[in-house]
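Hello,

Here is the structure we talked about. Please open it and keep it beside this message while you read.

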Amino acid sequence: MEEQLHMPISMDWSKEEVIDAVNFYQTIERAHHKAVPREDVLALYNRFKQIAPSKSEEKQLFRQFDERAGVSCWKTVQKAKAAEAGEKIKM
């Protein structure tokens with residue numbers, strides 16, 4: 001049985017924004033277990049930046065998720081940015 005993981009969200013976000021943020025978090029977590037397409041990581045990160053445009057808010061949300069999930073959102077995004085088009089990202 002999968003462990004339930006609390007994903008940091010804001011009560012100010014719309015239902016669609018919460019869903020998009022959760023998709024981003026799940027993709028980051030998936031990249032730590034198996035390879036995911038670079039384009040998926042970057043597209044979801046760009047959407048996440050629309051939801052949480054403040055750098056300080058992004059850092060806070062990333063820190064909360066990283067601590068709970070044992071992953072690194074920032075390192076995963078940086079690896080995706082450095083990868084070539086069509087590459088898969090695995091942490």
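**Two crossing helices**

The axes of helix H1 (residues 15–31) and helix H2 (residues 38–51) come within 9 Å and cross at roughly 140°. H1 is therefore oblique to H2. Oblique covers what is left after roughly parallel (under 35 degrees), roughly antiparallel (over 145) and roughly perpendicular (65 to 115). Axes are lines fitted to C-alpha atoms, for helices over the stretch in contact, with angles from 0 to 180 degrees between N-to-C directions. Helices are DSSP runs (H or I, at least four residues), numbered from the N terminus.

Some ground rules. This is a predicted model, where local features need pLDDT of at least 70 and side-chain atom pairs count only at pLDDT 80 or more, while totals for chains, interfaces and linings use all residues. Residues are numbered from 1 along each chain as its sequence is written, and side-chain values use heavy atoms, leaving out hydrogens and water.

**Salt bridges**

The structure holds 5 salt bridges (a side-chain nitrogen of Lys or Arg within 4 Å of a carboxyl oxygen of Asp or Glu). One joins Arg 47 and Asp 20, at 2.6 Å from N to O. This pair links distant parts of the chain: Arg 47 sits in helix H2 and Asp 20 in helix H1, 27 residues apart. Asp 20 is buried, because its relative accessible area is 18%. Buried means under 20%, exposed over 50%, and partly exposed in between (1.4 Å probe, protein chains only). Glu 16, Asp 20 and Arg 47 form a network of salt bridges.

Lys 55 pairs with Glu 58 in a salt bridge, with the closest N and O atoms 3.8 Å apart. The two are 3 residues apart in helix H3, so about one helical turn separates them. Lys 55 is partly exposed at 40%. Glu 58 is buried at 1%.

Which side chain of opposite charge is nearest to Asp 66? It is Arg 63, 8.4 Å away. Lys and Arg count as positive, Asp and Glu as negative; His and the chain ends are not counted. Asp 66 is buried yet has no salt bridge. Asp 66 lies in helix H3 (residues 55–69). Beyond its neighbours within four places in sequence, Asp 66 is in contact (heavy atoms within 4.5 Å) with Val 71, Ser 72 and Cys 73.

**Lys 79**

Lys 79 belongs to helix H4 (residues 73–82). Its relative accessibility is 38%, so Lys 79 counts as partly exposed. The C-alpha atoms of Lys 79 and Arg 38 are 8.6 Å apart, though 41 residues separate them along the chain.

Best wishes
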